Amino acid sequence: MKITEDVIRKITLETIEELGLGATKDEIKNAVRSKIETMNIDNIDLEKKNMDSGKVILTSFGLNKPGIVAAVTRALAENSCDILDLSQKIMGDFFTMIMIIDITASPKDLNEILKDMQKVADDLKIKIYLQHEDVFRFMHRI
Amino acid sequence: MQYEFEEILETIRMTEIEHFDIRTVTMGISLRDCSDRNIKVTCQKIYDKIIRYGRNHVKYAKEIESHYGISIANKRVSVTPISIPFDSCKEEEFIEIAHTLDRAAEDIGIDYIAGYSALVQKGMTNGEAELINSIPQALASTKRVCSSVNVASTKTGINIDAVKMMADVIKKTAELTKENDSIGCAKLVVFANAVEDNPFVAGAFHGVSEPEVVLNVGISGPGVVLDAIREAGHVDLQQLAEVIKKTIFKITRAGELIGRKVAKKNGIPFGIVDISLAPTPAEGDSIGDILKAMGLEDVGAPGTTAALAMLNDAVKKAGLMASSSVGGLSGAFIPVSEDMGMIRAVQNGNLTLEKLEAMTAVCSVGLDMIAIPGDTPVETIAGIIADESAIGVINDKTTAVRIIPAFGKDVGDFVNYGGLLGKAPIMEVKKLSSAGFINRGGRIPAPMRSLTN
């Protein structure tokens, strides 16, 4: 949230009321400043809460072979990613696996995790896609 | 699971196979506070302002791209129509401003900057005349600057003097850039009823009622619609409209998400989602192919206009449901050079200029990226612009002409720009003269808005 002129005016009026008519200009100024500063902290907290959920959807495809789930989950575990849901299907020779993972606890950001997963994908000769959950929520839920 | 298996696979298929991408995120920047008596100071102010707002534009857009796994094809900037804040400038000074825009665009890492523009639908100021006269030189001596001029509107009618002037500017631009297949003309748009929040370059500009800075998004996705129609098989047209709407709904939602995130990262307000279906020269990413998938033998067959009208309408309905910020041009683009399906139809002799003109009556945005013989007379080009403007003015919609009289080339030849601009076969133009009509000059009065038959 931005602090607009209106907000400042409102805070100033409140402060004047609180301090009474005897307050000096400097007293009012300082009081208003400290109020705005605390507001800012509140704002940042609010922003954090509003931030993305940290849920990422991992999709992988490829020729089926032993060890794929193990390799993918090991890499996720090394990055402290929490697996919230997992679904897997085999269609003929191909496997498809979809996971919903939570990356909030991970020290790495989505791009870095993506790079690590790319290595796993290259080793196993499969495809791995990571996309933030918001895309799916926006496209498939009203 | 929170999401169905099929939903997730559908999204992956769209982004990975069907060329679904965000066509453009365009940052609109107002330059109205950059005017100064000294042109050097003016240019410095323009440069500083574009750098200040735009320096992280490309970086942030790329971060959002990888975050959501959806690619953003173009990152661009539009500015206030240059003729408005700098009306006191002379031709050479306008060219200096064009060079400043070019340099600023290069320094923030974008390929095009648009807004070297004037709005002269009713009449023109001295400054606007100077700007229009400077366009050929400005486009020939810059790489990234795009220009547009609005010559008509439903409220004012068609300024035929300006139309003729623009036809002349187009011819001069073609000659000045003849070394590169007259590429200058690919960066020059003549509008009727231009919109102020269009994110699509070359016709973008940051309108006078827009805020200080804003981020607008243009979606894309003909490939996704094409596959959905193919998959639907033989269904009736109502069901087909439903299929198109469902697909566009999802694309628009993703577009709005990406736009809002890029705007938030830049710390600027989000403007609009333009729900235009914008093709690219990539195979399958084509409006022409969609029309064929709808059942036409080729673009240009009788029924083409009806099919396009239905497609365009379905796109709008779905887009409006998906986002409350729909704006810009919002329709289906039918640029010839940027669409493999359209190029093939022209080459096979199935699609003519006249049919294209009819098609523009039901979709945005006009005769776009059309190459014609280099020896086409100025009055004929003016006639084409006047016709297209009339369609826009009478139907209360935006129309545009981006036409390339390819210098030294004739029917059977090609202009080839590569990249997103693609390549265009030279189309035949009627040899009949329009000179008597155009040379009368003046303005076609504004039309009436009732008894609209």
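Predicted model: local features only at pLDDT ≥ 70, side-chain atom pairs only at ≥ 80, totals over all residues.
Biologist: Let's start with the interface. How many residues does the contact take from chain A and from chain B?

Modeller: The contact draws 30 residues from chain A and 28 residues from chain B.

Biologist: And what area do chain A and chain B bury between them?

Modeller: The general idea first: interface size is often given as the accessible area lost when the parts come together. Here, chain A and chain B bury about 2,900 Å² between them, with 64% of it on carbon and sulfur atoms. On the side of chain A, the residues that lose the most area to chain B are F138(A), M139(A) and H140(A), together 24% of what that side buries.

Biologist: Now the charged pairs. How many salt bridges are counted between chain A and chain B?

Modeller: The count is three salt bridges. One that you can find in the viewer pairs K89(A) with E6(B), where the closest N and O atoms are 3.9 Å apart. The cut-off for such a pair is 4 Å. As for polar contacts, the rule finds 11 residue pairs across the interface of chain A and chain B.

Biologist: Which element of chain A gives the largest share of the side that touches chain B?

Modeller: That is α5(A), with eight residues. Several elements of chain A each supply at least two residues to that side, among them β2 (82–91), β3 (94–102) and α4 (110–124). By residue class, the side of chain A that touches chain B divides into 14 nonpolar, seven polar and nine charged residues.

Biologist: Let me pick one residue on the other chain. Is F5(B) buried or exposed?

Modeller: The idea is to compare relative accessibility with a cut-off: under 20% is buried. F5(B) has 7% relative accessibility, so F5(B) counts as buried. F5(B) sits in helix α1 (residues 5–16) of chain B. Leaving aside neighbours within four places in sequence, F5(B) is in contact with S87(A), K89(A), T96(A) and I98(A).

Biologist: Finally, chain B as a whole. Why does its radius of gyration agree with a compact globule?

Modeller: Compare the value with what the chain length would give. For 453 residues a compact globule would have a radius of gyration near 22 Å, and chain B agrees because its value is 21 Å. The C-alpha trace of chain B spans about 65 × 50 × 45 Å along its principal axes. Chain B has 14 helices and 13 strands, and buried residues make up 61% of its 453 residues. Among contacts in chain B between residues at least 6 apart in sequence, 78% join residues at least 24 apart.

Key
Residues numbered from 1 in each chain as written. Chains lettered and ligands numbered in written order. Heavy atoms only, no water. Contact = heavy atoms within 4.5 Å. Buried area = accessible area lost by both parts, 1.4 Å probe. Salt bridge = Lys/Arg side-chain N within 4 Å of Asp/Glu carboxyl O. Polar contact = N/O pair within 3.5 Å; in protein donor to acceptor, adjacent residues only side chain to side chain. Helix = DSSP H or I, 4+ residues; strand = E, 2+ residues; numbered from the N terminus. Nonpolar A, V, L, I, M, F, W, Y, C, P; charged D, E, K, R; others polar. Rg over C-alpha atoms; globule rule 2.2 N^0.38 Å. Buried < 20%, exposed > 50% of the residue type's maximum accessible area, 1.4 Å probe, protein only.
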